[in-house]
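Let's take a walk through this model together, starting with the ligand and the space around it. Have the sequence and the structure open side by side as you read.

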Amino acid sequence: MQLKDKVAIVTGGGTGIGEAVVRRYLDEGARVAVVDIKRQAELESVYADAEKDRLHLIQADVTQRESIDAIVSSTVARFGRVDILFNNAAVFDMRPLLDESWEIFERIFAVNVKGMFFLMQRVARQMVEQGGGGKIVNMASQAGRRGEALASHYCASKAAVISYTQSAALALAPHRINVNGIAPGVIDTPMWKEVDALFARYENRPVGEKKRLVGEAVPLGRMGRPGDLTGAAVFLASSEADYITAQTLNVDGGNWMS
Ligand SMILES: NC(=O)c1ccc[n+]([C@@H]2O[C@H](COP(=O)([O-])OP(=O)(O)OC[C@H]3O[C@@H](n4cnc5c(N)ncnc54)[C@H](O)[C@@H]3O)[C@@H](O)[C@H]2O)c1
C-alpha cells in the first residue's frame, strides 16, 4: 500500500479519471475527500459500494471562492490534514476560433485555471502550516502541449496548468511539497462523449467517428481508459516521487514526446 494513512483530496471525482483515481487511492490505503459539482445524492450513488470510513464526499464547485476554503476545512475537520491534492476537475468546450465566445472562455478558465490554481494555493497553505511536505498533481492534457484550431480556450487552459505546475513547484520546493502534472492523451470518459459530439458538429462527421479515429492514431493502438492514469496518479502522490517536481508526465499511449 503506497498511500497508507495519507489524506488526499480528489476534485472531479464523480466520474471518469477522477473516480478511477479515488478508487485506486482508497485501495492504496489513503483516506479520500472526493470533490465534485454533481449533486450529493449522485455522488453517494457513485460510491455506494465504497468503504465509508475512509471516504468523504464534498459537493462543491471549484470556481466558487467560498468553496475553495470549504473543501480544505471540511477535509481537515474530517481527516485532520491534507497530504495529497489530485487537482482534476475540468470542463471542455470548443468552437471554430473565429466564433470562439467570451462565455466559453470564462467557463473554461473559471474551472480549468482559476479553480485549479486557487485550490492548489489553499491546499499548499494547509500543507505549509502542517509541515512535513505534500504532493500536488495537476491534470493537464496533451492539448496543453499544442494548440488546436477548434479548441483554443481548452488548449490554452491546459497550457496554463502546465505553467502553474512549474511555478508552484519552484515556490513550494522549500516546503518539500512536490508539484507535478499529468498530461493524458485521449481517454474514454464522459468528457470524450461531449468532445466527440462537438467534433461531429464542427467537422461534419457521424457521431462516434472522431473517437474511433483518435483511438486508431494512438501509437499504442487504442484510446486510454481511466485506469490507465491511476499508476501515474499513485506514483506522483507517493514517496517514490520525492525527487520529482515541476514535471508534467505524458500518459497518452505515445501521442506526444517530450
Ligand atoms: N478524457 C480525456 O481524453 C482527457 C484528456 C486529457 C486531459 N483530460 C483531463 O483529465 C481530467 C479528467 O477528465 P475526465 O475525462 O475524467 O472528465 P469528465 O468530464 O468525465 O469528469 C470531470 C468531472 O469533473 C466534475 N466537475 C466539472 N466542473 C466542476 C466544478 N466546477 N467543480 C467541481 N467539479 C467539477 C464533473 O462533474 C465530472 O464529474 C480533466 O482535467 C481533463 O481536462 C482528459
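**The ligand and its pocket**

The ligand sits in the largest pocket; sitting there means that more than half of its atoms lie within 2 Å of the grid points of the pocket. A word on the source: this is a predicted model, in which local features need pLDDT of at least 70 and side-chain atom pairs count only at pLDDT 80 or more, while totals for chains, interfaces and linings use all residues. Residues are numbered from 1 along each chain as its sequence is written, and side-chain values use heavy atoms, with hydrogens and water left out.

The largest pocket has a volume of about 1,200 Å³. Its lining holds 50 residues, and A90, F92, Y154, T189 and M191 lie nearest its centre. Two or more lining residues come from each of α1 (16-27), β2 (31-36), α4 (102-130), α5 (152-172), α6 (190-202) and α7 (209-217), and α6 gives the most, with 6 residues. (Pockets and cavities are found on a 1 Å grid over the protein atoms alone: a cavity is a set of points where a 1.4 Å probe fits but cannot get out, a pocket is an open set with protein on both sides within 12 Å along at least five of seven lines, and lining residues have an atom within 4 Å of a point. Helices are DSSP runs of H or I with at least four residues, and strands are runs of E with at least two, numbered from the N terminus.)

Now move in to the ligand itself. It is surrounded by 29 residues, with D36, N88, Y154, I187 and T189 the closest; a residue counts as near if one of its heavy atoms lies within 4 Å. In this shell, α6 has the largest share, 3 residues.

Next, look for the polar contacts, which are pairs of N or O atoms within 3.5 Å. A backbone N or O atom of I17 lies 2.9 Å from a ligand oxygen atom. From the side chain of K158, an N or O atom is 2.9 Å from an oxygen atom of the ligand, and a polar side-chain atom of W192 lies 3.3 Å from a ligand oxygen atom. The protein covers 94% of the 830 Å² of accessible area that the ligand has on its own (Shrake-Rupley method, 1.4 Å probe).

The whole structure has 1 cavity of 30 Å³ or more. Among the residues lining the largest cavity are N88, V111, M139 and K158, and α4 gives the most to this lining, with 4 residues.

Key: Grid points are joined across faces, edges and corners, and a volume is the space filled by probe spheres set on the points. A polar contact is a pair of N or O atoms within 3.5 Å; within protein, one must be able to donate a hydrogen and the other to accept it, and residues adjacent in sequence count only if both atoms are side-chain atoms.
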